[in-house]
Amino acid sequence: MNILLLFVIIPAVMLLALWGSRNLRQTRAVMVAGSTLLLALSVYLTVDFISMRSAGESAPMLYTASWSWYEPLNICLSIGVDGISVAMLLLSSIIVFTGTFASWRLKPMTKEFFLWYTLLSAGVYGFFISTDLFTMFMFYETALIPMYLLIGVWGSGRKEYSAMKLTLMLMGGSAFLLMGILGIYFGSGATTMDINEIAALNNIPAEMQYIFFPLTFIGFGVLGALFPFHTWSPDGHACAPTSVSMLHAGVLMKLGGYGCFRIAMYLLPQAANDLAWIFIILTTISVVYGALSAISQTDLKYINAYSSVSHCGLVLFAILMMTRTACTGAILQMLSHGLMTALFFALIGMIYGRTHTRDIRQMRGLMKIMPFLAVGYVIAGLANLGLPGFSGFIAEMTVFVGAFSVNDTFHRVVTVIACTSIVITAVYILRVVGRILYGEPENEEHKKLTDATWDERFTVICLVICVAALGIAPMWVSDLIGTGVGDVLSNIIE
Amino acid sequence: MDINMIIFAGLAIVMIVSALFAVTSSKIMRATTLLLFVLFGTAGLYFMLHYNFLGAVQITVYAGGIVVLFIFAILLIGKGSVDVTQTSIRRYLAGMATALTGMALTIYLILNTGFASDKFTASGVEMKELGMALMGTDKFNYILPFEAMSILLLACTVGAIMIARKK
Amino acid sequence: MEHTILILALPLLSFLLLGLLGNRMPHRLAGALGTLSLAAATALSYWTAAEYFLAGRTADGTFAELMPYNMTWLPLGDTLSIDMGILLSPISVMMLIVITTVSLMVHIYSLGYMKGERGFQRYYAFLSLFTFSMLGLVVATNIFQMYVFWELVGVSSYLLIGFYYTKPEAIAASKKAFIVTRFADLFFLIGILIYGYYMGTYSFTPPMTELMTAGAVLPAALLLMFIGGAGKSAMFPLHIWLPDAMEGPTPVSALIHAATMVVAGVYLVARMFPLFIGYAPEVLHIIAYAGAFTALYAAIVACAQTDIKRVLAFSTISQIAFMMVSLGVCTGSDPHEGGLGYMASMFHLFTHAMFKGLLFLGAGAIIHAVHSNEKSHMGGLRKYMPVTHITFLIACLAIAGIPPFSGFFSKDEILVACYSFSPLMGMFMSFVAALTAFYMFRLYYLIFWGKSHYEEQLALYRSGECSHEPHKPHEAPWSMTLPLIILAAVTCAAGFIPFGEFVSSNGEAYTIHIDTTVATTSVLLALAGIVLATIMYIRDGSRVTRIVNWALHGPIVAAYHRFYMDEVWLFVTKKIIFNCISRPIAWFDRKVVDGSLDLLAKAVQSAGTLVRPWQSGNIQTYCIWFLSGILIIILVLLYMA
Amino acid sequence: MIIPAEYLLILSAVLFFIGVFGFFTRRNLVSLLISTELMLNAVDINFAVFNAYCQPQHLEGYIFSLFGIGVAAAETAVAIAIIINVYRNIHSIHIKKLKNLKH
C-alpha cells in the first residue's frame, strides 16, 4: 500500500460517505473528518519526506509505484513525489481544510456542493501525485469539470457566463495540452508515459519541441493566468462561491505553474531554452499588467483576481528564469500565493456575506463594525504586498534574487520591471484597506452587522498562521524542494 | 423481337409512366391509383421471372392490402389530403438534379458491371422447396427471419391500433 | 554579549502579547506592559553599550565588530543567503541607545498623552512593533536583514500614522507614507540585488576580490540604495510623505518621524560608508548636493507653515539633510583628512534625536493643551505651561546651534566638514543653519509669546460674542512632563559627550575640537536669525512682519504650499498613473483582451447560426444532402478507381 | 429469349429514383409514403432479379423480397396509423405543419 494512494482513496471514500449522508450534520462531519485526515496525511508526508531526504535519499522521486492501466498505449498509474509535489500537496490540503470551514454555512444543496468540492480536490491531489502524462491529464480534467458546476450553481452575479467562460477557456487550454502531451509521447518514441523516463530519454527532436513546447506551456499557462489568457480569472473568481475561489486561486492556478515546470520545461528542454524569452515577456506583462489593472478595479474580488494574475505571473516568470534560486522562489511563491489568496478570498467572502456588496465604494469603516475580519484583511493585505514576516516577502525576494542572477541585459531589465509590481501592489492593497476598512461607517445597514463567527475565525486564523509560519521560518522549504528543483533544472539546463 | 421482350417493354413503359405521374400528380387519389399500376407491373415482372408465388404475394399484399390501406386513409382524411401542393422550385430542381444524377450514375454502373445472365433458368421455384426453405433450420433456411417477420407484423398490428385509437 | 537578543525579543514579545490579547486588557496594564518591557530593553541597551565601549579597543585602535548572533534565515541559492543576526559596532550601539531612549520617553509620555483613547492597547502594540523593527534594522548584520526590518519599520510607521483610522487625512497620510517609501524601497531592492549578485554576499564587508572587479556596478548599487534611504529619510523629492505623516499621534511623530525611523537613510549610508568612501566617492557627493538642496528647501518651507507639527516636520527634513550632507562631504576615511563628516553626522543624529524628540513631545503637550495644531490657536502659552515652555526653549536653542546646547556641537562639526569640502558648501549650510534658527524661533514666539488665543476667546465669551467657554490651557501631567525634562537634560548635556571617542569614520578615536572661526560665524548667524525672529514675532503684527509679508507675498504663499510639490506628485500619481495608465489598462483588459475572446465565442456562435439552417429539421432537405453526399463519394471513388 | 438482367436493373433503378424524386418534392405525408413504396418496390425487384440471374439454386433474394413485402406492409400500416393520428390532432398532413417534434 503506497501512502500516496491515500490522497485519492480518502476523497473517494469521502465522496461515497457524502453521497450517503442524510443531513447537514453528517455532511459536515464527513468533510471535517476527511479534510483533517488529508491535512494530517500531508503533514506526515512532508515530515517524512524531509527526513528521508536528510537521510541521504537522493532518488528524484520517492514513494514511487506503478500499475499498468492500458498496455497498448503504455498508460500506467504511476505515482511518486518529489519535494515540489509534496509542497503542493501540503498547500492543497491546507486550502481544502480551510475551505471546508469557509463554506460551513453554505446553502442550498450543501451536500451536492461538497460532493463536487471533494471531487475537485481529488483531481488536484491526483494531479500532484501522478508522474504519468496521461494520468496527470486525466486528473487535471477531473479538477476542471466540477468547477463549472460549482460556479454555475452556487456562484453569484453573472455566474453562468463566468462558469462557461472559465470552463471553455480552461478546456481550450487543455486541448492544447493534450496535443502537447501526445506530441511529447510520440516525439520521444518512448514506450512509457512516465515523465521521468521520458525526461531521461531526452530524445524529442528539436523541431517537434518547438511546436509542442508552446502548446504545452500555453495549455498550462491558461490555468496559470498567463497574459493574454487570464481573462477567465477575474470573472471566474468574482462569481465563484468563497471556498471555490479559495481552492481555485489557491490550488488550481498552481497546477498551471507546476505543469509548466514539470511537463513543458522538463520534457522539452531545448525549446524551453530557446523560446523562453517569448514567455518571459508575456509573464512580465502579466506581472505588471495584473497589478496595474487591480488599481482601478472597484470590486473586491476583481482586485484580488487581478492581483492573482500578477502573482501567478511571477511564478511563471520565475520558472522561466531557469536558475535554481528563481525556481525555488517560484515554488515558494506558489505556496505563498496559494495561502494568501485563499485568505483573501475567504475574507472577501465573509465580508460579502454580511454587506452583500463587494463594491469598495459602498463600504466604509468596516474596522469599527467587524474588527476581526478587518484586522484579518489588513494582515492579508500586508502579506500580499510582501511584508517581511509573511510568506509573500520570502517568495518575492527569492524570485527576484534568482532572476537577477541571470547575467544578461534582457533578464535584468525584465526583472527590474517585475520588481515594480511590489510598489503597485502596495498601491492597490492600501487603496482598498483605506477605502473600506478605515473611516467612519456610513451605511446605516452596515452598522448592524456582526463580526466573524467561530468557523470563520477558525478559517482566518488557520490561514494567517500558515502564512506567517512560512514567512518567519522559510528554511525548511529549501530542504524540501531543493533536490526536486535541482533535478528538474539540471535536465532543463544541461 | 421476342414476345418476352415486348411484354417487358410494355410493362416497363407502363410502370415508369405510372410512377412518374404518381409522384407528380396533384390528386392524391390519382397518385394512389397510379401506384397500384406500378405494383401490378412489378407483379408482372415477377411472373416473367417465373416467381409465381412472389408475384401472387405482390398482388395480394401490396395491391390488395397496402393500396387499400392508402385508400382508407385518404378517405378518412378527406379534404385535407387534397392539398398536394408542390414544393419550392429550388428544392424541386435540387431533387430532380440529385435524382437524375443518381439515376445516371446507377445506370452507368449497371451497364459497366457486366452481369452474367447465363445462369438464368426459366424453371421458377417449387412451392414445396420454398416452404421447406422458409420453415427449415438448415443452411439457407429461414425459420428465424420468418418468425421475426411474424412478430414484426403482430407488433405493428398492435402498434397501428394503439396509434390510431381515439383517445 | 548574548543578552543583546533580549533587546530585540522584549519589544517583539510585548507586541505579540498586546497585539493578540490587548483587547482583553485594561489600558493601564497594557501601557505598563509596553513601557516596562521597553524599560528593560533600554536598560539592556545601556548595559550593552557600557560593556561594548568599556571592553576597550583592539590592537588597531578600533572597536571590534561583534556578531553575537548570525544564522541563515533564507538560503538563496548556493552562495547567497539572507542571514539574521546581531551586529554590534560603534554606530549600531549608539543607535541602540538613541532608539531605546527616545522610545522609552515616548512610551512614558504616551501614558498621559493617549490616556483614554480608543485603541490604547493597539497603540502600544504598534509602538513595540516599531521599536522592535527599528532595533532590528540597526543591528542588521547584512544589507538584506536591513531591508527586511526596513520594510517592517515602514509598515509600523504606516500603522501608527493611520492610528486614528476614522480620520480621512490620517488614512490618506498613512497610505502616502507607505507608498512613497515603498517606491523608494524599490530602488533599494534593486540596489541590493545588484550588490548581492556582484559581491556574492549581502554582508557589509564584501570580499576584496569582488570589490576590485566590480567596476562601475558598485557605485550604481550604492546610488540605488541611497535612493531607498532618501525615501525613508525624506530627501527631496521623496519628502512629501513626512509632513503628512504628522496626522499620526504626536508621540509617534516624535519617535518615528523625528528621532529614529527617518534617520534610517542616514544610518544606511553610514553603514555602507566604507564602501562609499572607498569605491564611490562621487555618489557621496551626489548625496551631499541632494542633501544641501533638501536642507534649504525644507528650511524655507518651514518658515511659512502655520501648523506647528508641519514646521517641525520640515525642520526634521532639513536636519536630516544636514546629516546627509555631512556624510556626503567626506572625502577620506581618516577623520583628520576629510572623514570628519561621518562623525559629525552620527553626532548630529544622536543630538538631533534627543532635541527633536523633545520638540515633538513639547508640541504634543501644547496640542494636548489647546486641542489644535494651528498656531492661530496658540500664543501666550508661556504662563500656562511653564515646564513645556522651558524645555521647548532649550530644544529651540539646541537646534539653532547656540552653545552650550548639544545642537551647537554637532552642527559645528558638520559645518567644519562642509567648509573643508568646499567653502561654498560651508557658506550654504551656514545660511541654512541661520534659517533654522529663524524658523524655530518664529515657532517658539508664535506658540509662547504674543496674544493668548485663550484670553481672546475668554474675552469674547464674557462679552457674549462666543457661545462656548474656551478650554483653559493647562500644563501636561507628570507622565508627559517627565520625559520632557529628561530629554531637556540630555539636550543640555549631550554636547559634552566626547562623541569622537566612540564613533569615527575609521573607527579610531578622534577628539572633537571646536573650530573657532566656524563656531563664531555660525553662532553669530544663528543669533541673527533669532534676533530677526524676535523682532518679527515676539508681538503680533509688528511692522517688520507686515513689510516682509507684503514684500515677499508670492514666495511666502509658495512656501506655504511647499512649492507645490504635493500637487506635482498628486498630478503624477492620480492623473498620470491612475487615469492614464491603470484605467486604460483595465479598459484594455475588459474590452480588448477579454473582448477578443468574447469575439471568438461570438464568432463560433455566428458560425453556428450560419450552419443552423442546414439542420432545419426538414427530412426532405436532409435526404437531399444525404443522397448528394453519397453520390459525391461514389463519384470520387469511381474517379480514383 | 432471356431479358438481360441489366434491363430489369435499369428499370428498378429508374423506379427507385422516381421514388426518390417524389420523396424530395412532395409535401404531403401520404404522397411521401407513396414515394417510399415506390422505392421499396424497386428494391424488391432488384432482390428478385439478382436471385434469378445470379444464384438461381438458392432462394435468398426471393425470400428477401417476400420479407420486404411483409415489412412494407407493416411499415405502411403503422405509417397510415400515424398519419391518421396526426390529422386528427392538427387537421393537416402537410409536412410544414409538423413542427412540434422539431424542437
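How many residues of chain B are in contact with chain D, and how many of chain D with chain B? I started there. This is a predicted model. I found 75 residues of chain B in contact with 64 residues of chain D.

**Chain B against chain D**

Next I looked up which helices of chain B supply that side. H1 (3–24), H2 (28–48), H3 (52–77), H4 (89–113), H5 (127–135) and H6 (143–164) each give at least two residues. H3(B) gives the most, with 13 residues. I then sorted this side of chain B by class. I noted 53 nonpolar, 18 polar and four charged residues.

**Chain A against chain C**

I turned to another pair of chains. Here 38 residues of chain A are in contact with 37 residues of chain C. On the chain A side, several helices supply at least two residues each, among them H11 (269–295), H13 (324–355) and H21 (475–493). H16 (391–404), H17 (409–419) and H18 (421–437) of chain A are also on that list. By class, I wrote down 22 nonpolar, 14 polar and two charged residues for this side of chain A.

**Two helices in chain A**

I picked H5(A), residues 133–154, and H6(A), residues 159–188. How do their axes cross? They come within 9 Å and cross at roughly 175°. An angle over 145 degrees counts as roughly antiparallel, so H5(A) and H6(A) are roughly antiparallel to each other. I also sorted the residues of their contact. There are 16 nonpolar, four polar and three charged.

**A hairpin in chain C**

I moved on to S1(C), residues 66–76, and its partner S2(C). Eight bridges join the two strands, which run antiparallel. C:Pro75 stands opposite C:Ser81 in S2(C). The hairpin has three residues between its strands. In this hairpin, C:Gly77 takes a positive phi near 80°.

Why do I call S2(C) largely enclosed by the rest of the structure? S2(C) covers residues 80–88, and eight of its nine residues are buried, so the strand is largely enclosed.

**One residue of chain D**

My last entry is D:His91. It is found in the segment after H3(D), which spans 60–90. Is D:His91 buried or exposed? I read 12 other C-beta atoms within 10 Å of D:His91. A residue with 12 or fewer counts as exposed, so D:His91 is exposed. I also checked D:His91 against D:Gly61. They are 30 residues apart in sequence and 41 Å apart in space, C-alpha to C-alpha.

Key:
Residues are numbered from 1 along each chain as its sequence is written. Chains are lettered from A and ligands numbered from 1 in the order in which they are written. This is a predicted model: local features need pLDDT of at least 70, side-chain atom pairs count only at pLDDT 80 or more; totals for chains, interfaces and linings use all residues. Two residues are in contact if their C-beta atoms, placed from the backbone, lie within 7 Å. Helices (H or I, at least four residues) and strands (E, at least two) are DSSP runs, numbered from the N terminus. Ala, Val, Leu, Ile, Met, Phe, Trp, Tyr, Cys and Pro count as nonpolar, Asp, Glu, Lys and Arg as charged, and the others, Gly among them, as polar. A residue is buried if 20 or more other C-beta atoms lie within 10 Å of its own, exposed if 12 or fewer, and partly exposed in between; C-beta atoms are placed from the backbone. Two strands pair if DSSP finds at least two bridges between them. Axes are lines fitted to C-alpha atoms, for helices over the stretch in contact, and angles run from 0 to 180 degrees between N-to-C directions. Angles under 35 degrees count as roughly parallel, over 145 as roughly antiparallel, 65 to 115 as roughly perpendicular and the rest as oblique.
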